[in-house]
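Keep the sequence and the model side by side as you read.

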Amino acid sequence: MSTYDVVVIGAGPVGENVADRVVQGGLTAAIVERELVGGECSYWACMPTKALLRSGAALRAARQVPGAREAVTGELDVAAVLHRRDEFASHWNDEGQVSWLDSVGVPLLRGHGRIAGDRVVEVTAADGTVTRLTARHAVVVATGSGALVPDIEGLRDAKPWTSRETVAAKEVPARLAVIGGGVVASEMATAFSELGSSVTMLARDGVLHLNELFVGEHVTASLRDKGVSVRVGAEAGSVKRHDDGTVSITLTDGEQIEADELLVAIGRTPNTQDLGLDTIGLEPGAWLTVDDTLRVNDWLYAAGDVNRRVLLTHQGKYQARAVGDVIVARAKGEPVDDAPWGRHAATADERAVPQVVFTEPEVASVGLTAAKAVAAGLNIRIVDYDLAATAGSALHAEGYRGQARMVVDEDRKVIVGCTLVGPDVAEMIHAATVAIAGEVPIDRLWHAVPAFPTVSEVWLRLLEAYGR
């Protein structure tokens with residue numbers, strides 16, 4: 001069979017979810033993948049990175065509680081940490097994911113997919129064989145993004161690590177230099193410093209600078225406490241890999257940094273370079289612009305990183321559910337619910353995106369920062385509270401340090417943003433996500449009573465600070 005209702009290019013978590021929703025809706029779908037089924041998240045991002053970070057977090061947690069602290073006598077077992085990482089990456093084997101596609105009735109075509117005209121995708125297999133697929137209703141691009149390597153003199157020749165090489169590393173380098181200050185840079189600086197590397201972080205724009213200001217302050221202080229050299233404002237001017245394998249990074253001010261490996265983590269670029277976009281009048285290598293139902297044109301959709309709305313796996317899967325459902329609705333001539341918060345609209349991409357950065361301390365946020373809320377023209381009030389001032393945090397860890405902020409739209413009296421910084425705050429952020437997505441009035445939130453003694457008591461304290 002070479003004709004399907006829907007053809008999906010990219011079998012990461014986004015593409016998998018699109019295909020699954022389409023089939024659940026009664027249509028047929030085929031999926032194309034040139035690498036591993038399961039995508040970046042399964043093998044080089046979400047799962048293996050958090051496996052690298054979790055062992056260090058567990059050890060820290062034990063050391064922050066008297067009684068448990070005394071029972072901890074050793075350091076991290078690096079080999080065991082890397083082995084656990086390998087298990088969570090399924091040892092870079094996608095048999096389990098392929099089996100799942102089979103179980104839901106989605107045929108897999110391995111090879112490089114390219115658009116060859118309206119509703120037509122050509123798949124070139126490793127042996128050069130070309131299969132031509134035709135979609136009755138839609139083609140969905142879910143090819144994700146790759147690491148951006150900037151035009152720094154000598155950088156590409158030096159063969160730096162990107163997120164992929166770092167996450168899959170078989171050995172921990174004695175010295176690791178990191179260019180970047182965002183999520184990947186901060187998490188890997190945390191992980192590798194705890195695994196024994198001497199880490200230098202060149203954070204030109206600061207650490208986690210897109211978050212609330214206090215986020216970067218907390219994480220920078222923690223990294224420095226670990227021995228990480230955080231160089232805010234430092235910028236690499238040139239890079240050289242020597243014959244002995246070491247790397248020299250010359251900063252724009254002339255200073256030279258020596259390292260055994262170099263991680264570049266400054267952003268992402270869309271995987272659309274060789275996708276055949278030029279055959280339908282679009283620019284190869286560009287991000288794909290979509291409407292609120294993730295549609296590029298009458299038959300082409302783009303979900304996940306490739307549309308640049310939100311570069312997060314869980315948000316890409318959210319988009320995938322909307323895309324799958326709206327394709328089914330349009331194919332069957334059913335009404336399309338694309339109003340804000342409608343079934344077929346990815347409204348949360350703009351208003352309620354949750355994210356966790358697994359540094360020490362953890363950073364959990366959702367919705368708008370104060371700066372973004374002001375830029376959006378909202379009349380806001382900022383409410384801050386010391387997260388360490390709750391009874392639950394004192395019980396949770398000795399010397400607990402953290403901060404909470406909620407951003408309130410004063411005209412509507414609803415929360416539009418929340419940021420939490422502190423040990424183990426990741427599991428608390430969904431409460432804020434529900435409040436923001438549900439537009440729960442502040443007056444009603446007074447009736448959502450947090451259990452005592454938990455760190456979640458901070459919600460009561462924030463409301464008290466706001467006033468009733």
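**Rings, charges and strands**

Trp161 has 12% relative accessibility, so this residue counts as buried. Here buried means under 20% relative accessible area, exposed means over 50%, and partly exposed lies in between, with a 1.4 Å probe and protein chains only. The model is predicted: local features need pLDDT of at least 70, side-chain atom pairs count only at pLDDT 80 or more, and totals for chains, interfaces and linings use all residues. Residues are numbered from 1 along each chain as its sequence is written, and side-chain values use heavy atoms, with hydrogens and water left out.

How many aromatic pairs does a search of the whole structure find? There are 2. Rings of Phe, Tyr and Trp (its six-membered ring) pair if their centres lie within 6.5 Å; planes under 30 degrees apart are stacked, over 60 edge-to-face, and the rest tilted. Trp161 and Phe192 form a tilted pair, with 6.2 Å from centre to centre and 55 degrees between the planes. This pair links distant parts of the chain, 31 residues apart. Trp161 lies in the loop between strand S7 (145-147) and helix H6 (163-167), while Phe192 belongs to helix H7 (residues 183-194). Helices (H or I, at least four residues) and strands (E, at least two) are DSSP runs, numbered from the N terminus. Phe192 counts as buried because its relative accessibility is 2%.

Another tryptophan faces a charge. The charged end of Arg164 sits over the ring of Trp44, 3.6 Å from the ring centre. The criterion is NZ of Lys or CZ of Arg within 6 Å of the ring centre and within 35 degrees of the ring normal.

Now the sheets. Strands of a sheet pair through backbone hydrogen bonds, either parallel or antiparallel. Two strands pair if DSSP finds at least two bridges between them.

An open sheet of 4 strands runs in the order S10-S9-S8-S14, with parallel pairing. Its edges are strand S10 (229-232) and strand S14 (261-264), each pairing on one side only. The twist averages 15 degrees from one strand to the next. H7, the helix that carries Phe192, packs on this sheet and touches S8, strand S9 (198-203) and S14. Contact means heavy atoms within 4.5 Å. The direction of H7 makes about 165 degrees with that of S9. Axes are lines fitted to C-alpha atoms, for helices over the stretch in contact, and angles between N-to-C directions run from 0 to 180 degrees. Strand S8 (residues 175-179) and S14 run parallel, joined by 4 bridges. Ala177 stands opposite Leu262 in S14.

A second example is antiparallel. This open sheet has 3 strands in the order S11-S12-S13. Strand S11 (236-241) and strand S13 (256-259) each have a single partner strand, so one side of each is left without a neighbour in the sheet. Neighbouring strands are turned by 20 degrees against each other on average, direction ignored. Strand S12 (residues 247-251) is joined to S13 by 4 bridges, and Ile249 stands opposite Ile257.

Finally, follow S6. Strand S1 (residues 3-9) pairs with strand S6 (residues 130-141) in the parallel sense over 6 bridges, and Tyr4 has Ala135 as its bridge partner. Strand S5 (residues 120-124) runs antiparallel to S6, with 5 bridges. S5 and S6 form a hairpin with 5 residues between them, and Gly128 in the turn has a positive phi of about 90 degrees.
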